[in-house]
Amino acid sequence: MLRLDRGRGRGYVAAPVDDQQDGDAMVTMRDVAERAGVTKQTVSNVVTGRVAVRPSTEARVRAAIAELGYVPNLVARSLATGSTRTMGLFVPTVSAPFYAGMVEEAEETLEERGYHLLLCTTRRAGERARRHLAGLTSRSVDALLIAGDQGLTDHLPLLADARFPVVLCAWEAALPDGFPVVTIDYEHGGLLAGRHLRQLGHERVAVVASPAHPVRVEGFRRALRENGLVLPDGAVHLAAEPTFKEGVATTLEALRANPGTTALFATHDVLAAAAVEAARSLGRSVPGDLSVVAYDDTPEGLLSGSTFTSVVLPMREMVRQAVDLALGAVDSAAGPDLRPRTLLPELVVGDSTARPG
């Protein structure tokens, strides 16, 4: 059997893919070659896409493939090429719109480059994350993209011996050494939220935050300090989970503790929507009685046709850069670029904020 050998990104030695048990049991690569009037090597080049074939020849081969119903055996092909054309993606959950959007963008970007997506969810559970990471070190993927740091930081050493490049993105915790990172300046997002509320004239403010978002809260604090205000620790209220139910309960706690609060910063879009519901249950209107700033590009419809003032994250650009970085490392003898790439969020002003009444 001839192989197409791959040497850690240093190029390929072209050879025909073996068609033993390749495709349908009744149709082999040899059958396709005979029907198209070409060699098996040419069919292999068309199937793998690794070697350019004249358009007229490729058209004949693809016509023969369609006519005979030939289906390449992807397992045999990956063994022959040394490449699975698959990238793994870790996300904490797909129930959150932010991570669901990341999955969609990663899949679309990979499809454009002829790759497939292998998705794993950690469900924000450290042990589940550890099992997935340990299993992937022996899986046949060409690269791995890890999105979000919840429950993962302590387990990254499991990837020390991975035979594929690993890229981190949407990383909010301290950046680990030895991994390329494409992330967002989350603290800057909090800073933008705080500056906006201060520019409107708000002085009695509160924060409803997820415990996973201390960096966002610190940015908000910094914005207030720039304007001569101190955010008391008692004005920061932590929701046990970034859920609507927890957000309502935590906002009610915040507003009852400080009835004079005129503005609230929520570190997650669901918490912002919950804050509106909680305020209305107390007879307070948004933004007339309470301004609310959201974070993470809040989905439409949560304000009954209105829009949130929100810190919008460049999620899709981050994913595209991370995928490009990972795939670039697949074919690079020098390895991945370890210099962190940090993208800036922006504040989009909507209908949920106004000057205090």
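What follows is a dialogue on a predicted model and the terms used to describe it.

Colleague: What do the values for this model rest on?

Modeller: The model is predicted, so local features need pLDDT of at least 70 and side-chain atom pairs count only at pLDDT 80 or more, while totals for chains, interfaces and linings use all residues. Residues are numbered from 1 along each chain as its sequence is written, and side-chain values use heavy atoms, with hydrogens and water left out.

Colleague: How many helices and strands are there in the protein chain?

Modeller: The chain has eleven helices and 14 strands. Both are DSSP runs numbered from the N terminus: helices are H or I of at least four residues, strands E of at least two.

Colleague: What makes Ala170 count as buried?

Modeller: Buried means under 20% relative accessible area, exposed over 50%, and partly exposed in between, with a 1.4 Å probe and protein chains only. Ala170 has 3% relative accessibility, so it counts as buried. Ala170 lies in the loop between strand S6 (166-169) and strand S7 (181-184), and its phi is near 55 degrees, a positive value in a residue other than glycine.

Colleague: Why is Thr121 called buried?

Modeller: Its relative accessibility is 16%, so Thr121 counts as buried. Thr121 belongs to strand S4. Its C-alpha is 8.4 Å from that of Leu89, a residue 32 positions away in sequence. Across the protein chain, buried residues make up 49% of the 357 residues.

Colleague: Why are H9 and H10 called oblique to each other?

Modeller: Two packed helices are described by the angle between their axes and the distance between the axes. The axes of H9 (residues 244-257) and H10 cross at roughly 50 degrees and come within 7 Å. Axes are lines fitted to C-alpha atoms, for helices over the stretch in contact, and angles run from 0 to 180 degrees between N-to-C directions. Under 35 degrees counts as roughly parallel, over 145 as roughly antiparallel, 65 to 115 as roughly perpendicular and the rest as oblique. H9 and H10 are therefore oblique.

Colleague: Which residues of H9 and H10 make the contact?

Modeller: Contact means heavy atoms within 4.5 Å. Among those making it are Phe244, Val248 and Leu252 of H9 and Leu271, Ala274 and Ala278 of H10. The residues of this contact divide into eleven nonpolar, three polar and one charged. Ala, Val, Leu, Ile, Met, Phe, Trp, Tyr, Cys and Pro count as nonpolar, Asp, Glu, Lys and Arg as charged, and the others, Gly among them, as polar.

Colleague: What span does H5 reach?

Modeller: H5 (residues 97-112) has 16 residues and reaches 23 Å from first C-alpha to last, close to the 22 Å expected. Its buried residues include Phe98, Tyr99 and Glu105. After H5 comes Gly114, with a positive phi near 75 degrees.

Colleague: Where is Pro287 placed?

Modeller: Pro287 is in the loop between helix H10 (269-281) and strand S11 (291-295). A cis peptide bond, with omega about 10 degrees, joins Val286 to Pro287.

Key: The expected span of a helix is 1.5 Å times one less than its number of residues.
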